[in-house]
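This briefing is for a reader who is meeting this assembly for the first time. Please keep the chains in view while going through the points below.

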Amino acid sequence: MKTKTDSGNFFEDFKLGHVFQCPIPRTLNQGDISNYISMTGDRTPRFCDARMEIHPLLLFHLVLGQTVRQISLNAKANLGYAGLLWQRPAVAGDTISTTAEVIGLKENSNQKTGIVYVKTRAQNQQGKEVLQYNRWVMVNKRDEKIKTEYLEKPVIPELPSKIEPEMLWPVKEGIPTKGITGGDFIFEDYKVGERIDHVDGLTVNTTEHMSFTRLFQNGAKIHFDNLLTDGKPLVYGGYPMSLGYALGFNGLQNRTGICAINAGAHANPVYAGDTLYAFSEVLEKKNFGADARTGAVRLRLIVTKNMRVEKVDSFQIYPEAGKKVLHPNIVLDLDYWDQIATGA
Amino acid sequence: MKTKTDSGNFFEDFKLGHVFQCPIPRTLNQGDISNYISMTGDRTPRFCDARMEIHPLLLFHLVLGQTVRQISLNAKANLGYAGLLWQRPAVAGDTISTTAEVIGLKENSNQKTGIVYVKTRAQNQQGKEVLQYNRWVMVNKRDEKIKTEYLEKPVIPELPSKIEPEMLWPVKEGIPTKGITGGDFIFEDYKVGERIDHVDGLTVNTTEHMSFTRLFQNGAKIHFDNLLTDGKPLVYGGYPMSLGYALGFNGLQNRTGICAINAGAHANPVYAGDTLYAFSEVLEKKNFGADARTGAVRLRLIVTKNMRVEKVDSFQIYPEAGKKVLHPNIVLDLDYWDQIATGA
Amino acid sequence: MKTKTDSGNFFEDFKLGHVFQCPIPRTLNQGDISNYISMTGDRTPRFCDARMEIHPLLLFHLVLGQTVRQISLNAKANLGYAGLLWQRPAVAGDTISTTAEVIGLKENSNQKTGIVYVKTRAQNQQGKEVLQYNRWVMVNKRDEKIKTEYLEKPVIPELPSKIEPEMLWPVKEGIPTKGITGGDFIFEDYKVGERIDHVDGLTVNTTEHMSFTRLFQNGAKIHFDNLLTDGKPLVYGGYPMSLGYALGFNGLQNRTGICAINAGAHANPVYAGDTLYAFSEVLEKKNFGADARTGAVRLRLIVTKNMRVEKVDSFQIYPEAGKKVLHPNIVLDLDYWDQIATGA
């Protein structure tokens with residue numbers, strides 16, 4: 001008998017091309033804005049003003065939370081993101097509905113797990129898309145004795161290695177100025193290759209990581225249950241992302257906010273009690289033209305735990321020569337696009 | 001001299017028929033909705049949409065908090081509830097004012113305490129009732145040497161053993177569908193006698209139980225003071241009620257929300273660090289008619305601490321044969337009415 | 001090379017007469033009201049009703065938070081406040097912008113630090129002032145070997161020892177009554193010299209003090225970083241101020257809210273785990289006239305940690321004879337004006 005309780009999908013349950021309608025549509029409100037500031041300390045000016053625009057990462061966590069029950073309740077690992085683009089602003093009062101389409105399936109050779117590739121699309125109450133991204137997760141099989149067709153014939157989608165800067169839309173409202181932010185540096189001042197030390201540290205506490213995760217109705221039990229986790233509930237990976245981004249304001253004061261994610265890795269787990277630090281590296285720049293009030297900057301955000309990197313310029317992200325293995329204190333390696341006010 | 005500080009009422013201070021105007025009227029806002037989600041993880045769709053309807057339990061905690069100063073500041077125990085009915089929806093922006101009428105008094109034979117029965121009524125800014133319930137609490141006497149008339153002639157009100165289903169109003173707005181909730185089961189699928197395992201666990205943390213209680217301006221010191229409580233402030237009994245109800249979504253996905261409480265017992269105390277689990281039993285069903293978009297389901301919600309019930313069907317709620325003594329890990333036994341979307 | 005990271009100003013960076021435009025203007029919203037109640041338990045009726053008026057202390061913390069980056073990021077100590085006046089109400093939806101003018105400079109004789117006096121002014125989106133205060137902080141020098149002109153010729157501004165009651169504006173909206181608050185005492189009942197025991201205790205927890213501080217985007221690292229502080233992040237001094245004021249409701253039930261601060265001292269640090277208690281002393285009264293619906297009361301709020309003062313009337317605020325040294329358990333000594341409903 002099928003139980004009334006939803007126990008999530010296993011690898012065999014995913015059908016190529018199937019589109020999940022993700023529960024529960026949710027209306028964003030002013031309280032979500034206040035809570036996001038209270039939980040992260042984020043100061044990006046565009047999300048503090050009277051227009052009540054929703055922070056892009058708040059929207060992302062909400063949408064990801066909506067997909068958890070169907071996509072990742074039985075996930076063993078969150079493997080990656082690609083092609084994440086915020087398509088238009090959301091404001092308090094908008095209602096967000098989300099779908100997740102299965103675009104790829106690959107059974108792993110151990111026959112215990114498989115990889116599910118989904119394309120997530122979130123739209124507002126007018127049916128307009130606000131956020132789109134690809135994500136792939138490792139999911140448990142229901143039965144490891146029966147192999148699926150995706151063991152020998154995996155379907156792996158072509159995913160963009162990055163969002164091309166031409167796909168970004170220049171921000172027109174809520175653009176900061178030196179006078180407003182106290183930050184001296186504008187788009188023109190940032191150089192490809194430079195690193196920015198974000199200086200401050202933030203300790204993650206028990207209650208706030210759970211409150212943050214619940215705000216987005218993400219009920220994955222591993223984040224909430226002391227008994228199940230021997231007293232160490234895993235912090236939802238999106239929380240260090242938001243905290244690292246908030247820390248990143250110091251050094252990027254005239255930014256208008258994250259507008260795309262090219263790639264991201266939750267490299268190591270975070271638990272309550274860990275203290276997070278961050279630095280950024282400028283990877284690429286895109287000038288939107290002489291009249292544009294912002295320019296795009298591609299950044300690599302590195303968040304470390306329990307280790308402040310004092311000299312960011314000489315820090316080895318991959319400490320072992322010749323190996324692409326992240327430093328063990330790195331918890332997040334995020335490749336994203338932001339925009340920074342120009343001198344225009 | 002009467003001190004300026006309000007030290008609450010003792011048994012002798014309650015007069016039969018007296019109606020307390022409870023402080024402080026409070027306007028509910030969008031932030032309360034966001035905080036309630038963040039503190040409980042509740043996903044009931046009707047309280048996540050653009051109508052900004054207030055969760056019935058949020059309203060209940062607010063109203064109960066308003067009565068604390070006059071009714072239960074000197075309470076030794078919260079003995080029970082009866083006949084609790086939400087009479088109409090409340091939305092963000094509504095201002096809630098509450099009265100409490102003394103409807104019964106009984107001095108206990110030890111002459112140290114008495115039982116006070118009150119009928120609480122909450123109304124909105126239009127003077128329309130939104131919530132009504134009976135509650136009885138054990139209150140300390142001011143002077144145990146002087147007996148009151150209620151020792152020998154107690155006045156015990158007749159209280160309804162349950163809300164009759166005819167008193168419930170079928171929900172018309174915010175009704176979920178399988179497509180919205182991802183839940184396969186509708187009203188017709190639930191059988192009287194069946195039990196539903198809600199699977200997930202939630203650990204209660206120090207800060208969040210205090211924040212929850214303060215949100216409702218319930219200032220009973222036992223919940224907040226480490227010194228007074230030897231480092232173990234008691235969790236407000238309404239928090240496990242809300243957490244258990246939130247856990248209950250998994251298995252009751254197409255519910256429209258709690259609409260009446262027949263009886264409730266806070267069977268054991270909860271402290272920070274306890275992990276809560278829940279299951280439900282279907283006690284009764286009421287069909288509102290062929291055209292109704294919901295049907296009423298009477299449920300018994302059992303919340304346990306630090307013990308997940310693996311096999312809910314065979315679990316003994318009263319483990320000792322012939323005795324109506326709840327299992328020691330049960331913290332809440334709640335008999336309530338909900339409504340679930342029909343196939344109509 | 002100047003780094004992109006803002007490392008705050010040192011004593012030498014402050015120029016007499018310079019006016020800082022403080023980052024970031026912020027729009028207050030309904031969520032801030034809900035969070036303030038949830039974090040403090042404050043019950044002052046004027047800030048709980050449908051007008052969505054912002055609690056004066058919430059506004060103060062927001063404004064102070066806006067000044068941190070430029071004024072006090074390198075502060076060694078927060079020395080005092082003077083002449084703090086709330087000039088008009090703020091409501092949800094108002095956008096607050098703040099400036100800080102350097103009005104005094106004094107290099108200390110050790111040549112390691114100096115004192116910076118600033119006048120802070122906050123205005124709403126209509127350019128109208130909502131809050132004004134003077135504050136002085138001890139700030140590190142960048143170079144202790146080079147003395148400044150302010151070592152020998154300090155400029156010390158004249159600061160008001162108190163806000164004269166004539167400067168206060170009688171509150172006209174949101175005035176409580178005995179019926180609303182359950183409090184029996186009105187303006188006429190309070191006597192100069194009397195002390196009021198606020199009875200209840202509140203334990204400060206790790207997460208909530210950080211959430212509170214972040215809500216106001218106050219990023220001073222000493223409040224957030226376990227590693228930097230050997231596991232004891234300092235609680236932002238504004239939190240015990242708000243908690244003490246919230247505790248003070250019990251005994252001042254018919255108040256309309258703090259309207260000016262004459263002086264304040266954060267006498268001892270507070271850390272997570274400390275339990276706070278409070279009492280008040282009536283210092284002065286001002287009758288606004290026979291028709292006025294409120295009268296002004298000048299109060300001294302004493303907040304203690306880990307020690308409940310049982311007999312407030314005989315408690316020695318300065319236990320050593322002849323010395324103006326506060327009792328070591330006092331964390332806050334606040335001299336402020338409130339208003340209390342009259343019998344008019």
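Helix α5 (residues 206-215) of chain B packs against α1(C) at an angle of about 115°, and their axes are 7 Å apart. Here axes are lines fitted to C-alpha atoms, for helices over the stretch in contact, and angles run from 0 to 180 degrees between N-to-C directions. The model is predicted, and local features need pLDDT of at least 70, side-chain atom pairs count only at pLDDT 80 or more, while totals for chains, interfaces and linings use all residues. Residues are numbered from 1 along each chain as its sequence is written, and chains are lettered from A and ligands numbered from 1 in the order in which they are written.

**Helix α5 of chain B with helix α1 of chain C**

- On the α5(B) side the contact is made by B:Ser211, B:Arg214 and B:Leu215, which meet C:Ser34, C:Ile37, C:Ser38, C:Met39 and C:Thr40 in α1(C) (two residues are in contact if their C-beta atoms, placed from the backbone, lie within 7 Å).
- The residues of this contact divide into three nonpolar, four polar and one charged (Ala, Val, Leu, Ile, Met, Phe, Trp, Tyr, Cys and Pro count as nonpolar, Asp, Glu, Lys and Arg as charged, and the others, Gly among them, as polar).

**Helix α1 of chain A with helix α1 of chain B**

- Helix α1 (residues 30-40) of chain A and helix α1 (residues 30-40) of chain B have axes that come within 7 Å and cross at roughly 60° (helices, H or I with at least four residues, and strands, E with at least two, are DSSP runs numbered from the N terminus).
- That angle makes α1(A) oblique to α1(B) (under 35 degrees counts as roughly parallel, over 145 as roughly antiparallel, 65 to 115 as roughly perpendicular and the rest as oblique).
- The crossing of α1(A) past α1(B) is right-handed.
- From α1(A), A:Gln30, A:Gly31, A:Asp32, A:Ser34 and A:Asn35 meet residues of α1(B), including B:Gln30, B:Ile33 and B:Ser38.
- The residues of this contact comprise one nonpolar, nine polar and one charged.

- Chain A gives 35 residues and chain B 39 residues to their contact, and the elements that supply two or more residues on the chain A side are β1 (19-27), α1, α2 (56-72) and α5 (206-215).
- That side of chain A divides into nine nonpolar, 18 polar and eight charged residues.
- The copies use different surfaces, since 17% of the contact residues of chain A recur in chain B.

**Strand pairing in chain C**

- Strand β2 (residues 75-86) of chain C is joined by eight bridges to strand β5 (residues 129-140) of chain C, and the two run antiparallel (strands pair if DSSP finds at least two bridges between them).
- Within this pairing, C:Leu85 has C:Gln132 in β5(C) as its bridge partner.
- Two bridges also join β2(C) to strand β8 (residues 260-266) of chain C, again antiparallel, and C:Leu84 stands opposite C:Ile261 in β8(C).

Methods: Left-handed = near helix turned anticlockwise from the far one by under 90°.
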